[in-house]
Amino acid sequence: MTDNRSDGPAADEQSSQGGGPGSVTIAYIAESAGVSIPTVSKVINGRSGVSAQTRARIEELVNQYGYRKPTGNRSNIVELVFRELESMWAVEIIRGVERVARKNRVGVMVSEFGLHDSVGMSIDDTVGRRPQCVLSVAQLAQAERDQLTAKGIPFVVFDPIDELPDDVPFVGATNWRGGQAATRHLIELGHRRIAMISGPDHPFCRARLAGYLSAMAEAELPADPGLVVRTLLTREHGYAAARDLLSRPDRPSAIFTANDLQALGVYQAAREMGLSIPRDLSVVGFDDLPVVAWVDPPLTTVHQPLNEMAAAATELALALGRGEEITQVGLEIATTLTVRESTAPPKG
């Protein structure tokens, strides 16, 4: 059998991306150079992080095979990918994406990949549709990011929950400042025993906890490790954590939670234990989901600007889809504290 790679790209590696019979995929360039697909992408897009020797080798192969960045064969849509659509965030995110897409006369397709152990659509389906760009609320695995890059489909990760390589575009929120603002608010009201129900070991949960610890240190208040509970970001786990905290003889006078769902669990626990919010317990959440303005009492929370974040992520994804150079790979949109009726000075 003839090894087609000795003289150029094999037939099944050829693509119409460059517009001619001799054009090749970015994956073939990576294979030929003995490097990863993201490394080739960095060179093609003029980004740093590649040694001079490797860059020269890739550029030589790009010139040899006449590779050109794909342009006009993608559909005029931005694909918005969720891992699951049951999130209370979904509507706000979709609104932000639609607003920018409409302004740019681009269609929006919403996809649900499903959880990793479920059967559903996959990145193969997305690649087959050839969208202009992808905005991923789902957390894309390295192999999925490589597959999009290999096909010349730019993507942006929305509010990442995992650490990303430096060259992966993303839009997030100022989680550290949000945690700091929430805790400062409670301190300014006079609270001293402030608990935090934190979340799993995701970067945004760590940042919110770090903001809490920073505000406590700034006020010269001891951060009692026993007042920090790490659990899942659900109402049920917030409820269980609050039951534990509020059952102690020296219970906290205030609780800051890593998200609003946990805060709703705190409400349930306090109600069952005969405690009044905010007379007996102040509560601050994080996210500002629409429902928390309607609970009794309305929840003080850190507003995560999901609509604005989604709009900024869409603008970034469309710019990448047009082949524009971007000056900033990662963006963080400012959070703000929304003070409602769930916080008050402590009793006595």
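At 31% relative accessibility, Asp-224 counts as partly exposed; here buried means under 20% relative accessible area, exposed over 50%, and partly exposed in between, with a 1.4 Å probe and protein chains only. Arg-193 is partly exposed too, at 27%. These two side chains form a salt bridge, with their closest N and O atoms 3.9 Å apart. A salt bridge here is a side-chain nitrogen of Lys or Arg within 4 Å of a carboxyl oxygen of Asp or Glu. Asp-224 sits in the loop between H8 and strand S7 (228-230), and Arg-193 in the loop between helix H7 (175-188) and strand S6 (194-198), so the pair ties together parts 31 residues apart in sequence. Helices (H or I, at least four residues) and strands (E, at least two) are DSSP runs, numbered from the N terminus.

A word on the ground rules: this is a predicted model, where local features need pLDDT of at least 70, side-chain atom pairs count only at pLDDT 80 or more, and totals for chains, interfaces and linings use all residues. Residues are numbered from 1 along each chain as its sequence is written, and side-chain values use heavy atoms, with hydrogens and water left out.

**Charged pairs**

Side chains of opposite charge can pair when their charged atoms come close. Searching the whole structure turns up 15 salt bridges. Here are some of them:

| Glu-163 | Arg-206 | 2.8 Å |

Take the Glu-163 and Arg-206 salt bridge. It links distant parts of the chain, with Glu-163 in the loop between S4 and S5 and Arg-206 in helix H8 (residues 203-218), 43 residues apart. Glu-163 is exposed at 60% relative accessibility, while Arg-206 is partly exposed at 34%.

Elsewhere, salt bridges that share partners join Glu-163, Asp-201 and Arg-206 into one network.

**Rings**

What about aromatic pairs? The count comes to zero, using rings of Phe, Tyr and Trp (its six-membered ring) whose centres lie within 6.5 Å.

Most residues other than glycine have a negative phi, and most peptide bonds are trans. A few spots in this chain go the other way.

The peptide bond from Ile-277 to Pro-278 is cis, with omega near 10°. Pro-278 belongs to the loop between helix H10 (260-272) and strand S9 (282-287). The bond from Asp-296 to Pro-297 is also cis, with omega near -5°, and Pro-297 is in the loop between S9 and strand S10 (300-303).

That S9 to S10 loop holds Asp-288 as well. Asp-288 has a positive phi of about 65° despite not being a glycine, and it is buried at 16% relative accessible area. Asp-159 likewise has a positive phi, about 50°, without being a glycine. Asp-159 lies in the loop between strand S4 (155-158) and strand S5 (170-173) and is buried, with a relative accessible area of 4%.

Notes. Phe/Tyr/Trp six-rings, centres within 6.5 Å; stacked < 30°, edge-to-face > 60°.
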